[in-house]
Amino acid sequence: MVLKLFFPQCCNTADSGLLVGRWIPGHNSAVVLAVIHYPFIPGQVKKYLSELQSQTQVDLTVLGSWSMPKEGQEGMDSFLKDLSTIFPQKCWLQLSREIGKRGFTCQVVQNNGRLLQDREQKNGEGDKIILIHYDQRKVMLSQLHPVQDVGQKSDVEASELRLVFQTVAQSQPLFFLDKYDDGPLKLSHWQSEGREASIIAELLKQASVPVCIFLTWLLSLWYWFCSFRILHLPPVLFISSKLSTCVQSVYRAVHFRTVFSPKKAGTHVEFMRKANIFVSFLVDIALGLLLISWLYRENRISKLADTLVPVADRVAKELQELLEWLMGAPAGLKMNRALDQVLGRFFLYHIHLWISYIHLMSPFIERILWYVGLSACLGLTFALSVLSDIVALLTFHIYCFYVYGARLYCLTIYGLSSLWRLFRGKKWNVLRQRVDSCSYDLDQNTADTALFPLQLFIGTLLFTILLFLLPTTALYYLVFTLLRLVVVLFQGVIHLSVDFINSFPLFAIGLRICRPYRLAEGVKFNVLCQEPGTPLHLMMEINPLKCSSVLQCYRTPTYSCYPKDSWAGLCKKLFVGELIYPWKQKTDKTD
Amino acid sequence: MRYARPKNAGDLKATIRATWALITPEQCHRLVDSMPRRIAAVIQAKGAPTNVISMAEEEFTDINGNSISLDCQTHSDFCREFTVTSPKLSLRKVMVYTCFVWLFAYAVFFFTENTAVLSSAIILTLAGMMIHIHFVKVDHETLLIIGSLGVQLSSSYASGRESTIFIEMNKLKDIVINEAVYMHSIIYYLCILIKDPADPETVTSVVPLFQSSNPRLNCLVQVYRSCQEILAQSR
């Protein structure tokens, strides 16, 4: 069996002493975490280790001895060999390094005194040893992906590398003692040259707790306001579920609750979620303020307000011309004159009403727009949602026309299909939810299911009428559906960009670019130069996660506005005349 | 020679002569050329058996007939590294493509008198070359097998970028040579069978090796035998 030893790079030039670390359970390997230097008192070493064990839940033990003799220290070897009796172990490692040579020599002593050496042997007997050098600080800070839940540890056999990473990460308290501490023990690890800290980071950490408490209190005020009975009436609920501004604000409130909770993030996933939300919120606000500074400079907002009413007028005029065209002979098709006139006049009246309302509101538009523009300081996503809502309100008449046209067309189609079934002698069985055949008997016993000639006559009449009215209704339906689809497309683009800003994990991507060792996909090994007589030395480096995996892993889940139906389903619905809502939003389960 | 099984002395002589005739002058040249390297390794090891043995590179080709080279390095009893080097970017092809694109751009410029065509052709050629070197052209692929630790596959691109995957030994079921039928040809490829440690009998996925260099069967057999020796030790 091959013995694998993970040795930190920072201890390569450490003075002689004891190796402290952990034997990885289930695999024939050990992780060295620190070196305790000579002189030391064995009793204090044991006390210190048991203290740390209770603090970190990692079973730290003395693994063996490390000897790097300097000038005048030749008598260390036998002393270090005798140490194995003081710290009873199943397996005692003796690592030694000479100045000037690059390789280490390693000897493993088993409990029964058998000495197993790593030497090149022809028949391949004896233990073989691999020494794997690792960068302690990077391994401590890094997180192996795919991230496993803490509870899953016992179910699946944890892999060796995962255990090594976990051991180093959990042994943080071991690295608090540095060379400036006046304790009885002198340790060597990555922080032994002196612990570094930043005053600003500490101040921010201290200040963040009261700030979080204050913001959570503000948030609770907002929730209390939202829980008023008057806001839970069905019409208000309905409107607020349709307006994307309200949806976005609800969504942001949920986010704030996550970010500003005073509880510290426990797992890596929670921490990344909090950080991503916080950073994307800051970027959102920054972009919103940029937008405001652009809008309010040179009085652009009032220019925008001034162009709004003429644009609405123009849209209405275009619609009127369209209807006049439809009422004539559109594209050379011959319409049913009476139905054409009815529908055309009906829609023209609607447009007239709409334009009157717009003109009624025109003196207040500039003021309203000025205040609404200020809401962009809550974030660019807010501004985009408001824009989407304004567009929805301004094109409300197009939506109404679409609904009327679709309903009419839908009625025509259903009537036609039902009457067509009548001719073929079939009936819709409501009980069985299927089409059954139905005879033309005049038998008294089956009077309720038979078709009388009268039924047949009326059916024929209605069928003919509907068939000849079909082109007119179909054309109106087609025109208004296309208009509606244009508006839906525009709103869809806005929603997609809002979604993108909400869900893009900016913090994770920044971490991947600036500190790639924090998000690790795996490890890389390099074989270091060999000297004969030394065991195999490998250099372990962290292989960072690919950018696409980062995006997939850390995307903040949003109320996604993905298409509800596939393309085929959409086309079918359009053909039959059902109302389509291509951008149906998934509501949160908490609401 | 080992398959010959001569029955008498005459047979033995004939077999020896035939095998001697099969040794090509190129093989002799290669062995002579590698002598300085091997002597230097022995001197560095001070007479002990050398840890690093570089075998003579034999003539291998890939499935399309281009010549590739295989380099095996034995770092220790249970650690070996195989490097398959693809042929380098051919200057002739680069020149041909560039001339073609630029002649086309000049022709378009001749008709439209718009200099933006020329600058866009230059930018296109540069961008295309950079993308090709950085993402498409693989310089060499390496398989590092460390007994009882795992297997590492890495591809090194012409621009120096390296992409590496490490597979731990407990997830590795076996390394096998598989055959694939593609159109009119049968292609052999070396692949690693991955298993889930919780369920050791089923193969969850297959990772093919040397996908850019595509060496032929003789090269794969050498790599396979070497790997199986190491895998047998750790079982």
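This is a predicted model: local features need pLDDT of at least 70, side-chain atom pairs count only at pLDDT 80 or more; totals for chains, interfaces and linings use all residues.
Residues are numbered from 1 along each chain as its sequence is written, and chains are lettered from A in the order in which they are written. Local features need pLDDT of at least 70 and side-chain atom pairs pLDDT 80 or more, whereas totals for chains use all residues; side-chain values use heavy atoms, without hydrogens and water.

Chain B contains six helices and nine strands, counted as DSSP runs (H or I, at least four residues, for helices; E, at least two, for strands) and numbered from the N terminus. The C-alpha trace spans about 85 × 55 × 50 Å along its principal axes.

Of the 235 residues in chain B, 30% are buried (under 20% relative accessible area, 1.4 Å probe, protein chains only). Contacts are defined by heavy atoms within 4.5 Å. Among contacts in chain B between residues at least 6 apart in sequence, 42% join residues at least 24 apart.

An unreviewed UniProt entry annotates residues 94-111 and 117-136 of chain B as "transmembrane region"; such annotations may be inferred rather than shown by experiment. Residues 94-111 of chain B are 100% helix and 0% strand, with end C-alpha atoms 26 Å apart. Residues 117-136 of chain B are likewise 100% helix and 0% strand, and their end C-alpha atoms lie 26 Å apart.

Technical notes. Buried means under 20% relative accessible area, exposed over 50%, partly exposed in between (1.4 Å probe, protein chains only).
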